[in-house]
Structure formats: C-alpha cells, structure tokens
Amino acid sequence: MEHKVCIIGAGSSGIVACKVLQENNIPFDCYEKGSGIGGNWRYMNDNGMSSSYRSLHINTSKKVMAYSDFPMPEDYPDYPSHYQIMEYFESYVNHFGFRDKIRFKTGVERVEKLSDGSYEVTLDNGEKKIYTAVMVASGHHWKPRYPNFEGEFNGLILHSHDYKTPDIFQGHKNVVVVGFGNSAVDIACEAARTSTGKVIISTRSGAYVLPKYILGKPFDTLNKYSVEWLPMWFKRGLLSFCLWVARGKQENYGIPKPKRPLLSEHPTISQDLFSLAGHGKVHIKPNIQKLAGDTIIFEDGSQEKADVLIYATGYKIAFPFFDKNFLNAEETNEVSLYKHVIHPEHKNLFFIGLVQPLGAIMPLAEVQSEWVARILKGKSKLPSKEAMLADIESYKGKLRKRYKTSPRHTIQVDFYPYKNMIKRL
C-alpha cells in the first residue's frame, strides 16, 4: 500500500519521525501548533504547551540524549541548556532538510478512524485530509496534573508547567514546592538561591536522588552497563554502592530515604539539592494535609507560613484530538500499547516518545520511528492482536511488581534494555 502519514507535533519526537520517514521515502505531513520546532524544549513556545523555564538544563547528558547520526557539538557542556538544545534541533532539521514538510501554526483538531481503516485528520483551520497512518508525537508533559488539598491558600499558586523565572521568589518569600521530581527539585533549588525566606519541598513518599556525576562521569553514561540479564538485586546493590561512593547517604543531607527499594520508582536527578539541603537552604516536609490561608499544615502536624505554593505534581497523558470514546488516557494516565508504540486495536496508529525512561526520550523516539517505518514498508511483521494484548498485560504486571502504583509510572521503561528491544523488533 502507498502510505501517506500524518505526524502530530514537531517536538523532539516529531522531528526524528519526520527524518526517518523521509530517509525511507515514505510521504508524510507534519503538523505543529506553534511557529517553530522543539516542542517542550522551546522556551516560551507560542503553542502554549512548553514546560521549559529560563534556567533549564537537560538532566541526561549530551551523548545519551543525541540522535544516533547527529552528535551534539563537541564544545557543548555535558548538560546543555535548553537554548543549546534548541540550536541542536534547528541544526538537525536543517541538516536533513525536511523543514518544508512541517506545517507550522497548524494544529490538529480531530483524528477520526474511517470505515476503511484510514484516518481523517481535521486541522484547526477546518481543512480535512485523509491518511493511511498517524504517528502521534505530541508529548506527555503539557497538561498539568493538580492535587486536591482541603482548604484554600491565599498566596501565589502555580504549576511547574507555568513557572518560567525566579523573579516570583525575590524578597523574603517562603516557598513550598509540592512534589519531588526533577522539576520540583530544580525549582526549589532556584527558589533557595533567590529568596531570603524558607524553601520547603513537600513530598508524599520521597525519592532517591541521583547526582549528575559519579566518579567524574555523567551518571547516565554508566547506565549502559546495566544489561538486561543482570538480576534486579544486583543492579540495586551496584547502584547503591556507586551512590554511596559519590555522595554518601542522602539522609546525611536532610533528605529522607524512601521506604521502597532503589529502582522501584523514577529517581530524581540533581547535583544541587545535596549542597543546598546540607546548608539548610531547602527543607523536606511530608505531604500537605490542609491549606489554611497563608498557612500550610503538613501531615506530621507541623505548620509553615508561605507566600508561594508551586505544584510540581506531574502531567496527564492527553490526546484532545481523539474522541474520548475512541481513546481516553486521562483517567488512568496510560494507553495500552504494544511496546509503547503500536495500538493493537487500530492498525497504523502509532505513538512516538510516549515513554518515561531513566535517560533521554530522543534516542528511543528514533528507534521507535525506525521500527514504524519498517512496519509501513512491510519489512517488520507484527504479532497477532491477541499476542500483542497478552504482551501488554504481561508488561503491566511487571510494572506493578516493580513500581509503586502511581500515574507517574504507567509508561516507565529502562533506557538501554528498551532501546535494544525495539532495535531487535
């Protein structure tokens, strides 16, 4: 069949999908709501979906994050800023020459499957087009998830998605950040360097905090030695030893150790938190019990006055262009996909970059796109629908066994094992 593919989004996953389809001579159109590429990495993106803040640097090193055939410049630091990442993406698109295939300032309003198995795509200008395949690369860090606490707070409230600069912390501001992921810790550290008040991280269950460097090397470059056949107890023991060598016990810095085993949750990566917590600049509190005007009451009974409350509580997986009866991920925060890419119920509906690795999404989106291209060209065969559904259920069982039940862990993968598995497929 002669395929014409619709790619939704021109972020880091969308542009590599474009590149792979172009080199495989598969016709496509890519639609991007904003006026430029980059998606979440474009600071102040006019598509309204970027979560980047001004001081953002990547938490995965440049060698791990780079696409396989286009390394980042040698003069880039190990952990580039989002400005440098955007320059890299622009160079990538220019080098492979597919910018003219991207329609900017054009959002996808609706995707509907037709009776013959093709897909009707309605654009936000009312135009309708028919495609034999759709690759969804719209990201999963753009629709904020909010907690539901009793009471009301009188100060400034915002989600980390809307945080951009530390100006809001200037002066003697007391700041409470809810959450213990990468954004929560980054923002709390920035608040601690800006405000002369008290900075608190409120967390339900804590997290293991990994430094960016171990033995002078970017942490994620060592992760490549975590081969699939090694038992989990060995991986945990090895990582625990490396962390002990790198920074000792995190409790010594005032950062509580989670009750769950290492590698049973997505870790938090920060080089700054240890120093700031050790100097009393950042404090850790349990979950919030109640909001009471300018006071926040925590579950241990302690209370703190606060001026700023930031929810770094994650995102919902959402696809507003699908009818909810067709596909609705917001309630469960997951989509039942074969290997996180293939929808077993709907032929030629693919999802690119819909994973949460300890590592970068970009190289995974690249191998996913290469797999999809081979499927479209008939070079890779898919198992039966029943086999795919069984594989999905098996994977969910492994997730439940390893990770705590949380919307955060529904799309979790191990970077190198997952990448190698997709390559084999």
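Predicted model: local features only at pLDDT ≥ 70, side-chain atom pairs only at ≥ 80, totals over all residues.
**D46**

I started with the side chain of D46, which makes a polar contact with the side chain of S35 at 2.6 Å. For a polar contact I took a pair of N or O atoms within 3.5 Å; within protein, one must be able to donate a hydrogen and the other to accept it, and residues adjacent in sequence count only if both atoms are side-chain atoms. Numbering runs from 1 along each chain as its sequence is written, and side-chain values use heavy atoms, with hydrogens and water left out.

Where does D46 sit? I found D46 in the loop between β2 (28-31) and α2 (62-65). Helices here are DSSP runs of H or I with at least four residues, strands are runs of E with at least two, and both are numbered from the N terminus. Leaving aside neighbours within four places in sequence, D46 is in contact with G34 and S35, where contact means heavy atoms within 4.5 Å. I noted D46 as partly exposed, because its relative accessibility is 48% (buried is under 20% relative accessible area, exposed over 50%, partly exposed in between, with a 1.4 Å probe and protein chains only). I also looked up D46 against I187: they are 141 residues apart in sequence and 22 Å apart in space, C-alpha to C-alpha.

**Rings**

Next I went through the aromatic pairs, and the structure holds 27 of them. The rings of Y163 and F169 have centres 5.7 Å apart and planes at 25 degrees, so I logged the pair as stacked. My rule was that rings of Phe, Tyr and Trp (its six-membered ring) pair if their centres lie within 6.5 Å, with planes under 30 degrees apart counted as stacked, over 60 as edge-to-face and the rest as tilted. Are these two rings buried or exposed? Y163 is buried at 1%, and F169 is buried at 0%.

F319 and F321 came out tilted, because their planes are at 55 degrees with the centres 6.2 Å apart. F319 is buried at 7%, and F321 is buried at 5%.

I also wrote down one aromatic cluster, formed by Y67, F70, Y88, F89, Y92, F96 and F98. F96 has a charge over its ring too: the charged end of K19 sits 4.8 Å from the centre. K212 lies over the face of Y79, at 4.8 Å from the ring centre.

**Salt bridges**

How many salt bridges are there in the whole structure? My search found 20, each a side-chain nitrogen of Lys or Arg within 4 Å of a carboxyl oxygen of Asp or Glu.

I picked out E127 with R103, whose closest N and O atoms are 3.2 Å apart. E127 lies in the loop between β5 (119-123) and β6 (128-131) and R103 in strand β3 (residues 102-103), so this pair ties together parts 24 residues apart in sequence. E127 is partly exposed at 29%, and R103 is partly exposed at 29%.

R193 and D272 also meet in a salt bridge, at 3.6 Å, N to O. R193 is in helix α4 (residues 182-194) and D272 in the loop between β16 (268-269) and α7 (273-278), so the tie spans 79 residues in sequence. D272 is partly exposed at 37%.

For K324 and E330 I got 3.8 Å between the closest N and O atoms. K324 is exposed at 53%, whereas E330 is buried at 17%.

**Sheet**

I traced an open sheet of 5 strands, with parallel pairing and the order β3-β2-β1-β7-β23; strands pair if DSSP finds at least two bridges between them. β3 and β23 (349-351) are the edges, each with a single partner strand, so one side of each has no neighbour in the sheet. Strand β1 (residues 5-8) and strand β7 (residues 133-136) run parallel and are joined by 4 bridges. I7 stands opposite M135 in β7.

**N287**

Last stop was N287, in the loop between β17 (283-285) and β18 (288-293). Its relative accessible area is 12%, so I put N287 down as buried. Leaving aside neighbours within four places in sequence, N287 is in contact with F149, S202, T203, R204, F298 and E299.

Notes:
Lys NZ or Arg CZ within 6 Å of the ring centre and 35° of its normal.
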